[in-house]
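Trainee: Could we go through this structure together? I would like to begin with how the chain is organised.

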Amino acid sequence: MRVVQIGLGARGRTWARVLREIGVTVVASADPSDDALAWARDAYPDCPVYADFRDAIRAHAADAAAVITPPIGRADVLLPLFDAGLHVVSEKPLETNLVEATRIVRAAERSGRQLSVCLNFRYLEVTRALRARVLGPRGAILYGTFLYHINRDGRRPGLNRFPLTMDDPMLLEQSIHHIDLIRHVYDAEIESVAAEIFNPAESMYRGDATVSAIFQMDRGIRASYLGSWVTGTNVRAFEWRTDCERGALVQRALFGDLYEGDRTGPLHAVPVPEVEPFVTDTIGYARAAFAALAAGTPVPCSGADHLRSLASTIACRRSSDDGEAIHPADLIAEADAALTAAS
Ligand SMILES: NC(=O)c1ccc[n+]([C@@H]2O[C@H](COP(=O)([O-])OP(=O)(O)OC[C@H]3O[C@@H](n4cnc5c(N)ncnc54)[C@H](O)[C@@H]3O)[C@@H](O)[C@H]2O)c1
């Protein structure tokens with residue numbers, strides 16, 4: 001596969017390495033930032049760089065683009081790529097606005113090109129081990145409880161800056177991953193969402209940095225969720241507990257630390273291979289996505305699949321504002337209706 005990389009910021013620098021490690025050919029890269037272009041020239045001197053991605057795709061024949069720009073306004077980047085006949089692998093969330101995200105997914109469908117959205121945590125070793133057990137011999141899922149606390153310093157050098165000023169930074173930058181994981185691991189759709197979203201007084205974020213929600217899912221599964229980027233200690237906490245008919249699975253860190261047990265005794269550690277956080281998982285995702293593009297088979301984490309995670313995420317905001325439960329499928333139908341009315 002010949003790939004143009006678009007976006008060379010904090011996450012784009014991981015992607016630059018990942019694309020080379022999985023053996024695709026990066027024919028050019030693009031980013032309007034002088035700093036990003038200087039970094040790319042230094043790190044990959046043989047790869048041509050452009051300030052405008054349109055110049056890159058005009059100058060170089062390519063099969064696909066990897067898009068690692070901030071999520072707001074992604075249609076401006078993605079729609080010209082489909083018009084140019086490229087497949088697209090995009091970072092999450094596809095957009096922060098569901099109508100715009102739906103517009104992108106429908107444009108991909110019309111173009112006959114494939115769109116995949118990077119939900120790399122599906123490719124963590126711990127996620128694979130958890131999913132195999134949750135969908136395995138432990139029987140029906142009774143309920144899930146997902147807790148995530150981190151005192152995220154959004155001003156830390158080397159970290160992106162846009163979450164400091166965006167609406168719903170926790171929800172759209174972080175909870176989207178967790179909500180997608182809940183759908184993926186339980187192999188169940190979210191039917192309705194009741195949520196409260198707020199910003200703790202000490203928050204450095206302009207938008208709300210704490211999300212609490214209850215998801216009602218297929219097969220009668222209920223999952224409760226609390227995620228926050230503002231905490232009273234720098235000690236992180238992660239616990240994703242899934243109680244089943246015949247036992248429970250408890251994940252105690254995002255990148256590993258899995259336990260299982262039943263009512264007869266203590267929890268036992270489940271061996272999970274060591275990983276390089278954000279790299280091993282992104283390599284796993286990217287390998288699967290580009291292999292599917294090369295083979296002409298359906299990509300993992302397709303645009304349509306991502307819309308369901310994104311709609312469930314945005315349903316949290318709607319529920320918090322309206323004070324009632326929201327059905328994510330209704331939000332996708334509303335977005336399609338808005339696009340039809342505008343056309
Ligand atoms: N999946 C993950 O684990 C993970 C981790 C971190 C970030 N991300 C996602 O990656 C995306 C990028 O985040 P980041 O941390 O790299 O942000 P960043 O702000 O550090 O970098 C974004 C880069 O995109 C460039 N850019 C903006 N508009 C562009 C355009 N039209 N063409 C080309 N380049 C453009 C900017 O100049 C900047 O260099 C976000 O969607 C974020 O949510 C995902």
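**Domains, ligand shell and local geometry**

Mentor: In this predicted model, the centres of domain 1 and domain 2, taken over C-alpha atoms, are separated by 27 Å.

Trainee: Which residues belong to domain 1 and domain 2?

Mentor: Domain 1 consists of 2–120 + 280–302, and domain 2 of 121–270.

Trainee: How many residues of each domain are in contact with the other?

Mentor: On the side of domain 1 there are 14 such residues, and they are in contact with 13 residues of domain 2.

Trainee: Which helix gives the largest share of the side of domain 1 that touches domain 2?

Mentor: Helix α8 (residues 280–295) does, with three residues. By class, that side of domain 1 has eight nonpolar, four polar and two charged residues.

Trainee: Now the ligand. Where does it lie relative to the domains?

Mentor: The ligand lies between domain 1 (2–120 + 280–302) and domain 2 (121–270), because both give residues to the shell around it.

Trainee: How many residues surround the ligand, and which are the closest?

Mentor: The ligand is surrounded by 26 residues, and the closest are G9, A10, R11, E91 and N160. Helix α1 (residues 10–21) supplies the largest share of this shell, namely three residues.

Trainee: And what is the shell like by class?

Mentor: Around the ligand there are 14 nonpolar residues, together with seven polar and five charged ones.

Trainee: Let us change topic to the chain as a whole. How many helices and strands are there?

Mentor: The protein chain has ten helices and 14 strands. Its radius of gyration is 20 Å, close to the 20 Å that the globule rule gives for 343 residues, so the chain is as compact as a globular protein of that length. Along the principal axes, the C-alpha atoms fill a box of roughly 65 × 50 × 45 Å.

Trainee: What share of the residues is buried?

Mentor: Of the 343 residues in the protein chain, 45% are buried. As for contacts with a separation of 6 or more, 68% of them join residues 24 or more positions apart.

Trainee: Which residues of helix α6 are buried?

Mentor: In α6 (residues 125–134), V126, T127 and L130 are buried. These residues lie on the same side of α6, because they cover an arc of only 100° around the axis.

Trainee: What covers the buried residues of α6?

Mentor: The covering elements include α7 (169–186), β12 (247–253) and β13 (256–261).

Trainee: Turning to the backbone, is the peptide bond from K92 to P93 cis or trans?

Mentor: The bond from K92 to P93 is cis, with omega near -25°. P93 is placed in the loop between β5 (87–91) and α5 (98–111).

Trainee: What about phi of D257?

Mentor: D257 has a positive phi, near 65°, and is a residue other than glycine. D257 is located in strand β13.

Trainee: Why does D257 count as partly exposed?

Mentor: D257 counts as partly exposed because it has 15 C-beta neighbours inside 10 Å, whereas a residue needs 20 or more to be buried and 12 or fewer to be exposed.

Trainee: And C301, is that residue buried or exposed?

Mentor: C301 is buried, because 23 other C-beta atoms lie within 10 Å. C301 is found in the loop between α8 and α9 (303–322). Phi of C301 is also positive, near 55°, in a residue other than glycine.

Methods: Residues numbered from 1 in each chain as written. Predicted model: local features only at pLDDT ≥ 70, side-chain atom pairs only at ≥ 80, totals over all residues. Helix = DSSP H or I, 4+ residues; strand = E, 2+ residues; numbered from the N terminus. Arc of directions from axis to C-beta. Contact = placed C-beta atoms within 7 Å. Near = placed C-beta within 6 Å. Nonpolar A, V, L, I, M, F, W, Y, C, P; charged D, E, K, R; others polar. Domains from an automatic or database assignment. Rg over C-alpha atoms; globule rule 2.2 N^0.38 Å.
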